[in-house]
Amino acid sequence: GPCSSKQSKDMSQVLINMKAQEESWNKADIKGFMFCYWKSDSLKFIGSKGITYGWQKTYDNYIKSYPNKEAMGELKFTILETKQLSKIYIYVIGKWELKKDKPVGGHFTLLWQKINKQWVIVADHTS
């Protein structure tokens with residue numbers, strides 16, 4: 001309805017960012033994929049091995065885990081739930097899939113924050 005359209009400008013920006021992430025990944029461009037992550041030592045990436053702090057460390061881990069196009073496969077996000085928590089926080093829950101020889105996938109929770117007029121991921125819990 002008309003009441004919900006105000007909030008959705010931020011939300012649509014976040015979803016546009018996620019689309020761009022998929023496209024970067026599928027061009028084997030990890031730098032591009034990481035563009036939406038907060039470029040800070042305070043970025044948190046929570047995975048099966050625990051918490052990684054910082055943009056650079058997260059980037060290095062991606063490069064190590066996905067050295068080439070074959071390893072990266074084709075990424076598909078499925079958004080399950082989105083919620084705008086405040087003017088500067090958006091919460092996204094979804095599913096990720098990598099289509100390749102041995103397909104893999106799981107779920108993620110992303111906390112997006114508006115910093116310097118940009119929506120960036122400040123915390124990513126992926127399993």
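These exercises work through strands, core, salt bridges and pocket of one predicted model.

Residues are numbered from 1 along each chain as its sequence is written. In this predicted model, local features need pLDDT of at least 70 and side-chain atom pairs count only at pLDDT 80 or more, while totals for chains, interfaces and linings use all residues; side-chain values use heavy atoms, with hydrogens and water left out.

**Exercise 1. Which residues have the most contacts inside the largest nonpolar core, and which elements supply it?**

Step 1. Define the set. A nonpolar core is a set of buried Ala, Val, Leu, Ile, Met, Phe, Trp, Tyr and Cys residues joined through side-chain atoms within 4.5 Å. Buried means under 20% relative accessible area, exposed over 50%, partly exposed in between (1.4 Å probe, protein chains only).

Step 2. Read the core. The largest one holds 28 residues, and Tyr37, Tyr62 and Trp112 have the most contacts inside it. At least two core residues come from each of α1 (8-26), α2 (30-33), α3 (55-65), α4 (69-72), β3, β4, β5 (104-115) and β6 (118-126).

Step 3. Look around Tyr37. Contact means heavy atoms within 4.5 Å. Beyond residues up to four places away in sequence, Tyr37 touches Gln21, Leu43, Phe45, Trp55, Tyr62, Val120, Ile121 and Asp124.

**Exercise 2. Is Leu75 buried or exposed, and which residues does it contact?**

Step 1. Leu75 is in β3.

Step 2. Apply the cut-off. Leu75 has 6% relative accessibility, so it counts as buried.

Step 3. List the contacts. With neighbours within four places in sequence left aside, Leu75 meets Glu22, Trp25, Asn26, Phe33, Trp96, Glu97 and Leu98.

Step 4. Repeat for Thr58, in helix α3. Its relative accessibility is 3%, so Thr58 is buried. Among its contacts outside four places in sequence are Met34 and Thr52.

**Exercise 3. Find the salt bridges and describe the burial of each partner.**

Step 1. Side chains of opposite charge can pair when their charged atoms come close. A salt bridge is a side-chain nitrogen of Lys or Arg within 4 Å of a carboxyl oxygen of Asp or Glu. The whole structure holds two.

Step 2. Take Asp10 and Lys114. Their closest N and O atoms are 3.7 Å apart. Asp10 is buried at 15% relative accessibility, whereas Lys114 is partly exposed at 32%.

Step 3. Take Lys19 and Glu22. The N to O distance is 2.8 Å. Both lie in α1, three residues apart, about one turn of the helix. Lys19 is partly exposed at 48%, and Glu22 is buried at 9%.

**Exercise 4. Which element gives the most to the lining of the largest pocket?**

Step 1. Define the space. On a 1 Å grid over the protein atoms alone, a pocket is an open set of points with protein on both sides within 12 Å along at least five of seven lines; lining residues have an atom within 4 Å of a point.

Step 2. Give the volume. The largest pocket has about 630 Å³ of space. Its volume is the space filled by probe spheres set on the points, which are joined across faces, edges and corners.

Step 3. Read the lining. It has 23 residues, and Phe45, Tyr62, Ser65, Tyr66 and Thr126 are the closest to the centre. The elements β1, β2, α3, β3, β4, β5 and β6 each supply at least two lining residues. The most come from α3, with four.

Methods: 1 Å grid on protein atoms, 1.4 Å probe; cavity = no way out; pocket = protein on both sides within 12 Å on 5 of 7 lines; lining within 4 Å.
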